[in-house]
Amino acid sequence: MTLAVRLFRALLAFSVILTSYLIQLGLVRVFARRLGRGSPAGEPPRWLVARRDRVDQNNARRLLRAMLQLRGVFIKLGQVLSIMGGFLPRAYGKELEQLQDQVPPHPFSDLEAALRASFGRSAGELFASIERAPLAAASLGQVHVARLRDGRKVAVKFLYPGIRGIIAVDLRVLRLAILVYKRFVPVGHIERVHESLVDLLRRETDYLHEAACMERMAQNFEGDAGIAFPEVIHELTTRDVLTMTFMEGIKITRLDALRSAGVEPSDVALRLVQAFYKMLFADRFFHADPHPGNFLVAARPAEEGGGFRLVVLDFGASCEARDELIDGLLDILKGIFAQDDAAVVRGFRRMGFVAPGGNDALLERTVKTYFAKLLKIRDRTPAALMRARPEQLERLADPELERGELQELMRSFEYPEDWFYVERACVLLFWLAAQIDPHLDTMAAGFPYLMPLMAQREAKAGSGSGGSDPAPRSSPAE
């Protein structure tokens with residue numbers, strides 16, 4: 001599909017959705033007061049509320065159809081939106097959730113060419129058996145179950161033929177959108193979002209890179225019986241094909257199935273958050289695509305102590321985090337817990353959010369005002385925020401700036417290098433944890449667990465033992 005065709009189809013789908021909401025908004029403004037005089041002040045008539053529900057449902061279906069037709073980057077965008085369902089009408093979360101692990105697959109005949117190109121042999125020559133129906137299909141590739149000649153059960157991940165060309169077209173479309181966005185929102189270096197997405201998709205379409213990330217992350221958790229990773233079958237892995245040991249387990253969001261297996265979802269959510277804190281703050285090498293399809297829960301046998309293992313999958317988006325970025329995040333977390341707004345401001349500066357020549361006084365006042373409000377909230381769990389009235393959340397989000405100061409504030413901010421990965425991973429991970437246990441305070445759960453790890457890391461750095469991170473700081477793909 002050419003750039004012009006993909007751009008036209010994307011614009012057509014989104015313009016239909018936008019138009020339907022503009023019509024709904026117009027109806028509310030025209031008829032709400034005239035026809036709803038008998039209803040409480042400020043509330044639209046019931047028929048308009050019911051119509052809005054239908055509009056949401058229809059538009060959610062339209063968006064799902066468009067993303068399935070466009071595939072490529074748009075399916076990955078839909079996966080992110082399905083996790084962030086709290087910011088969208090419920091209908092969107094329900095529809096887009098299908099993109100997590102129910103993407104329409106490619107026929108197996110299309111994938112056999114990848115085997116011959118990579119190994120010069122057919123599937124029958126490489127495996128004792130392979131299932132032609134995929135176990136899972138995603139935006140960039142799909143997974144099939146197979147048996148090796150020695151009887152081992154494996155998962156074989158295929159990159160879709162021609163997907164790199166489709167991605168190149170989609171990224172050009174998104175670049176055009178960013179150029180338009182820049183005309184209205186003057187955020188410094190917003191092009192870094194596009195650059196980061198380019199880099200992310202480069203990583204996710206190189207299975208040799210993914211294999212290296214899988215092994216590095218498994219090494220970081222060596223000795224932890226509560227978390228498990230697949231093993232790479234190197235002789236059957238190339239840039240386009242990844243073969244790994246098959247991992248059994250229950251999808252992390254199947255809460256009833258977890259309880260039936262004797263596993264409490266709240267324990268799973270806690271372990272998930274703690275594992276992510278370790279990756280991000282202690283190892284500084286983290287999983288940047290933590291959506292529900294990438295985690296399983298496997299019960300441990302009684303002879304191994306019982307309990308469960310968190311199984312981690314799909315490592316193509318894994319990446320390192322710069323020290324300045326993570327140290328700044330630590331300053332912010334410490335500032336929140338200690339109610340020290342100066343530490344919070346210092347954290348933002350260290351992370352690289354402050355633009356050269358920006359209005360420092362305005363930035364500091366905004367941060368202090370916002371966090372003063374945040375610190376008054378005793379219950380910051382997702383469940384509490386979902387129970388809050390809209391006006392309460394609006395008061396929290398409003399930094400009490402004069403309208404004329406808003407543009408100046410935006411010019412005072414920059415988009416730090418590599419923040420794309422950290423921000424994306426945190427949003428996906430914490431919303432996933434909220435789906436599993438809405439009552440879990442993700443900051444309170446992870447930060448106390450993190451402190452001993454950080455103390456140990458700083459002690460190693462101060463002992464002159466060669467640094468705090470024994471792993472090489474270069475990309476695993478290099």
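# A tour of pockets, cavity and salt bridges

Begin by selecting the second largest pocket, which holds about 750 Å³ of space; on a 1 Å grid over the protein atoms alone, a pocket is an open set of points with protein on both sides within 12 Å along at least five of seven lines, and lining residues have an atom within 4 Å of a point. The model is predicted, with local features needing pLDDT of at least 70 and side-chain atom pairs counting only at pLDDT 80 or more, while totals for chains, interfaces and linings use all residues. Residues are numbered from 1 along each chain as its sequence is written, and side-chain values use heavy atoms, with hydrogens and water left out.

Of the 37 residues that line the second largest pocket, select Ala-136, Val-143, Gly-293, Asn-294 and Leu-313, which lie nearest its centre. At least two lining residues come from each of several elements, including helix H3 (72-83), strand E3 (141-147), helix H9 (207-220) and strand E9 (295-299), where helices (H or I, at least four residues) and strands (E, at least two) are DSSP runs numbered from the N terminus. The lining of this second largest pocket comprises 18 nonpolar, eleven polar and eight charged residues.

Next, turn to the one cavity of 30 Å³ or more that the structure holds, a cavity being a set of grid points where a 1.4 Å probe fits but cannot get out. The largest cavity contains about 50 Å³ of space, a volume being the space filled by probe spheres set on the points, which are joined across faces, edges and corners. Eight of the residues lining the largest cavity are nonpolar, one is polar and none is charged.

Follow the chain out of H11 to Arg-284, which sits in the loop between H11 and strand E8 (285-286) and has a positive phi near 60 degrees, although Arg-284 is a residue other than glycine. Arg-284 is buried, with a relative accessible area of 1%, buried meaning under 20%, exposed over 50% and partly exposed in between (1.4 Å probe, protein chains only). A positive phi of about 60 degrees is also found at Asp-314, again not a glycine, in the loop between strand E10 (308-312) and strand E11 (319-320); Asp-314 counts as partly exposed at 23% relative accessibility.

The structure holds 17 salt bridges. One of them joins Glu-320 to Arg-216, with the closest N and O atoms 3.0 Å apart; this pair links strand E11 to helix H9 across 104 residues, and both Glu-320 and Arg-216 are buried.

Then select Asp-331 and Arg-350, whose salt bridge has its closest N and O atoms 3.5 Å apart. Asp-331 lies in helix H12 (residues 323-338) and Arg-350 in helix H13 (residues 341-351), so the pair ties together parts that are 19 residues apart in sequence. Asp-331 is buried at 10% relative accessible area, whereas Arg-350 is partly exposed at 42%.

Finish in helix H10 (residues 255-260), where Arg-259 and Asp-256 lie three residues apart, about one turn of the helix, and their side chains meet in a salt bridge (3.4 Å, N to O).

Notes:
Nonpolar A, V, L, I, M, F, W, Y, C, P; charged D, E, K, R; others polar. Salt bridge = Lys/Arg side-chain N within 4 Å of Asp/Glu carboxyl O.
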